[in-house]
Amino acid sequence: MSTQDIEPLDIERIREDFPILERTVGDDVPLVYLDNGATSQTPEQVVDAIVDYYHGYNANVHRGVHQLSQEASIAYEEAHDRVAEFIGADGREEIVFTKNTTEAMNLVAYAWGLAELGPGDEVVLTEMEHHASLVTWQQVAKRTGATVEYIPIDGDGQLDMDAAGDLVTDDTKMVSAVHVSNTLGTVNPVSELADLAHEHDAYAFIDGAQAVPTRPVDVGDIDADFYAFSGHKMAGPTGIGVLYGKEHILEAMQPYLYGGDMIRKVTFEDSTWNDLPWKFEAGTPLIAQAVGLDAAIDYLEDIGMERVQRHEERLSRYAYERLSEFDDVEIYGPSPDQGRGGLVAFNVGSVHAHDLASIVNDYGVAIRAGDHCTQPLHDTLGVAASARASFYVYNTEAEIDVLVDAIDDARELFA
Amino acid sequence: MGPGSDMYRQQILDHYKNPRNYGEIEDATFSHVGENPMCGDEIRIDVKLEDDEETIAGAAFRGDGCAISQAAASMFSQELRGKTLDELAEMDRDDVIDMLGVDISPMRVKCAVLAEKVAQDGADIYRGELDLEKTTTEEDSEDE
Ligand SMILES: Cc1ncc(COP(=O)(O)O)c(C=O)c1O
């Protein structure tokens, strides 16, 4: 199917699945929710799946022979299979449930990084890393004596891949890069980065927090060694994230958290570990959330991830073009023609991003203001903060018009 | 003008665009700096006391940040003149919000009170009751 054949989303139908979109805020103005990069809204189908779990088969998993525990265990395990299939992993052994992307990153940093890194080793990141990866690797490097290098960005917010080629050396043990930047919208050449890492026997960790919700992702095609994302940014519940890891790598890693469920045999003297992925899922896991994530994947696949991607690109282009009508608006990141994810970060003249977010809030528009957990990137851009509008399957061009009108009024107010 | 923008009434915008007492006091009795991590606001306040070492003769500020924090600092610098340090110590966030004369949304209260906190901490340090490099509005939940 060529991209032209992809049918646009039936947004009116989709909006009916999200009751929250009918609410008003402030002085009874309709909500325009454009903060999906922070967290997306949850469709009824996902809420219903969680309600069915609590009403029908709530029980602890892997611990009981009774029927409810069996039903809960099967649902929980099958959610791993569903995720594996969704991102092109080989099976549930490669899918570890965590609390979010951040915890997935920390799991690898602790279980692999603390054990394997030492003085002389290098971890290569990008200048556009989210704090989830930047702070984590920075601190693990401090503790192990490893050093951190950053692949720079060019004026369009694209990675300088020539510099990357020089930065990744035989001393590099890990290349950790964001797939879609949550600030610039840049879509990084992650499989190229993974190849580069592998040429030097390093691992590649891809942060897919903004990618998995908005486009088809196949970890096998990318050849990522680790890949992470969060349920709450993809129409799923809060409290669940995913760490994908290649089986042989996860197999060789020591556990991150100890306790129940992750063990095989325990004596007073020693313990042995359960199979993958349970070895990395200590204690009672996030069962309801796993059921919810499973339902969110069903929901997104019903729409079709190619169509989600087209929709995101269309809205991002529209927002980019509308905002470009103002000559005092600075937009960060690549132009739509270079490819960009479904978000736009910008600043308006001398209006502080937080003032802007407060003013557009009076128009019902929810956008993000701040550093979006990319402080060093904002330093590189030379600004303290930016405003960010980020889109999802239920957003429309008309909503972007509301944002643009509100921004125009803010400009006049501050003129 | 659109539906709301209650927080950005003329007075606030006027103080933001034309801040009063902006600058330094060369022979300040004390000077202190503070920041609000949420908006990246930073404010330094200089205070000059009368000979009684109690009454504020004048205050000046300089800084950078959102309109709420900068307008509040401008208005607060006017408010300080003639107050005693004890009166300053007794002020609280409601006084600042009354001074601003608009409803400040809960997420933005920290911007509004930054100048007041900086002046109060500065006075406490001057009186030897506090030891602090830099004032900061309390920890924010991290950005996503
Ligand atoms: C690119 C990126 N990485 C990591 C994260 C962290 O996700 P979480 O807060 O769910 O751990 C986010 C969003 O917050 C993100 O946008």
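Predicted model: local features only at pLDDT ≥ 70, side-chain atom pairs only at ≥ 80, totals over all residues.
Local features are given only where pLDDT is at least 70 and side-chain atom pairs only at pLDDT 80 or more, whereas totals for chains, interfaces and linings use all residues. Residues are numbered from 1 along each chain as its sequence is written, and chains are lettered from A and ligands numbered from 1 in the order in which they are written.

View 1. Around the ligand are 14 residues, of which Asn100(A), Thr102(A), Asn182(A), Ala209(A) and Ser230(A) come nearest. A residue counts as near if its C-beta atom, placed from the backbone, lies within 6 Å of the molecule. The shell has nine polar, three nonpolar and two charged residues. In this classification Ala, Val, Leu, Ile, Met, Phe, Trp, Tyr, Cys and Pro are nonpolar, Asp, Glu, Lys and Arg are charged, and the others, Gly among them, are polar.

**View 2. Chain A is divided into domain 1 (3-39 + 305-414) and domain 2 (47-301).** The bounds come from an automatic or database domain assignment. The centres of the two domains of chain A, taken over C-alpha atoms, are 28 Å apart. Contact, defined as C-beta atoms placed from the backbone lying within 7 Å, links 26 residues of domain 1 of chain A with 25 residues of domain 2 of chain A. On the domain 1 side, the elements giving two or more residues are α11 (305-324), β14 (343-348) and α13 (375-381) of chain A. The largest share of that side, six residues, comes from α11(A). By class, the domain 1 side has twelve polar, ten nonpolar and four charged residues. Helices (H or I, at least four residues) and strands (E, at least two) are DSSP runs numbered from the N terminus.

**View 3. Seven strands of chain A form an open sheet with mixed pairing, in the order β4-β10-β9-β8-β7-β5-β6.** Strands β4 (95-98) and β6 (147-151) of chain A are at the edges with a single partner strand each, so one side of each has no neighbour in the sheet. From one strand to the next the twist averages 20 degrees. Two strands pair if DSSP finds at least two bridges between them; β4(A) and β10 (241-245) of chain A run antiparallel and are joined by four bridges. Phe97(A) has Val242(A) in β10(A) as its bridge partner. Helix α5 (131-144) of chain A lies across β5 (122-126), β6, β7 (172-178) and β8 (203-207) of chain A, at about 160 degrees to β5(A). Helix α7 (190-199) of chain A touches β7 and β8 of chain A, and its direction makes about 175 degrees with that of β7(A). Axes are lines fitted to C-alpha atoms, for helices over the stretch in contact, and angles run from 0 to 180 degrees between N-to-C directions.

**View 4. In chain B, an open sheet of four strands has the order β3-β2-β1-β4 and mixed pairing.** The edge strands are β3 (56-64) and β4 (135-136) of chain B; each has a single partner strand, so one side of each is without a neighbour in the sheet. Eight bridges pair β2 (41-49) of chain B with β3(B) in the antiparallel sense, and Arg44(B) stands opposite Arg62(B) in β3(B). Helix α2 (67-80) of chain B packs on the sheet, touching β1 (30-36), β2 and β3 of chain B, with its direction at about 170 degrees to that of β3(B). Helix α5 (109-126) of chain B lies across β1, β2, β3 and β4 of chain B and runs at about 145 degrees to β1(B).

Notes
Contact = placed C-beta atoms within 7 Å.
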